[in-house]
Amino acid sequence: MKIALDFDGVTAYTTKLWVQKFNDKHGEEITTRAIDRWGFYEPLGIDLNECMEIFSETWRDWTKLEPMEQDMWQKTKMLCNIGKTDIVTNASPEAEKYLKMWLAEHNIHYNDLVFSSEKWNLDYDVFIDDSPSNIEKIYDAGKIALVYNHAWNRGVIEMSSLLNNPLFGGIKRVYNMYHAIDILRNIKYHEKIQAQ
């Protein structure tokens with residue numbers, strides 16, 4: 001099994017530091033609760049270019065970036081035991097050295113760091129992601145998408161094919177990494193049964 005694990009919003013709590021940087025730059029006092037939809041930058045009065053520049057600043061300031069969950073190193077180790085697990089991100093490739101330092105600092109287990117703006121075209125069986133548009137395109141490609149729960153992706157609807165037969169594409173919401181691990185173990189179990 002090949003697993004694509006997203007970086008921002010799934011492995012790392014990038015949103016928290018992004019909000020701090022936005023507040024510092026604009027003299028605002030918003031919280032992460034203000035990030036309640038995917039195009040969150042628009043209601044904040046900035047364009048996509050400025051949004052991405054703040055993300056670049058966030059990645060450069062990697063020492064202040066927190067893991068999305070406690071013990072993420074242990075959870076990523078468990079993922080690697082289930083299958084080949086790559087960190088697959090839409091981050092700018094210029095952020096590579098910062099992301100690698102962050103991953104090493106937090107002992108995150110993974111095989112490769114992959115940069116792609118079209119994740120759904122990559123050769124993975126399962127994607128753990130928080131982007132509503134990525135999730136939709138992953139599902140349309142006939143693959144399994146585990147949507148990591150956030151306010152900005154609450155509109156994503158689970159698709160029943162994963163629930164009825166985990167060997168075919170589908171969408172399932174996960175509320176933490178242990179939840180994702182349980183689902184992946186179930187999928188792996190079904191693969192073994194079907195192979196017999």
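In β5, V126 has I144 as its bridge partner. This is a predicted model, in which local features need pLDDT of at least 70 and side-chain atom pairs count only at pLDDT 80 or more, while totals for chains, interfaces and linings use all residues. Residues are numbered from 1 along each chain as its sequence is written, and side-chain values use heavy atoms, with hydrogens and water left out. Helices (H or I, at least four residues) and strands (E, at least two) are DSSP runs, numbered from the N terminus.

- Strand β5 covers residues 144-148, and five of the five are buried, so the strand is largely enclosed by the rest of the structure. Buried means under 20% relative accessible area, exposed over 50%, and partly exposed in between (1.4 Å probe, protein chains only).
- In a regular strand, side chains alternate between the two faces of the sheet.
- From β5, I144, L146 and Y148 point one way. A145 and V147 point the other way, and all are buried.
- Strand β4 (residues 126-129) pairs with β5 in the parallel sense over four bridges. Two strands pair if DSSP finds at least two bridges between them.
- Strand β6 (residues 170-174) also pairs with β5 in the parallel sense, over five bridges. Here L146 stands opposite K172 of β6.
- A right-handed β-α-β unit is made by β4, helix α5 (residues 132-140) and β5. Right-handed means that, with the strands pointing away from the viewer, the path from the first strand over the helix to the second runs clockwise.

**Helix α4**

- Helix α4 spans residues 96-105, with Y98, L99, W102 and L103 buried.
- Seen down the axis of α4, these buried residues fall within an arc of 135°, so they line one face of the helix. The arc is that of the directions from the helix axis to the C-beta atoms.
- K97, A104 and E105 are exposed on the other side of α4.
- The cover over the buried residues of α4 includes α2 (48-60), β2 (84-89) and β3 (113-115).

**V19 in helix α1**

- V19 lies in helix α1 (residues 14-26). Its relative accessibility is 4%, so V19 counts as buried.
- Neighbours within four places in sequence aside, V19 is in contact (heavy atoms within 4.5 Å) with I30, T31, T32 and I35.
- V19 and T58 are 39 residues apart along the chain, and their C-alpha atoms are separated by 9.4 Å.
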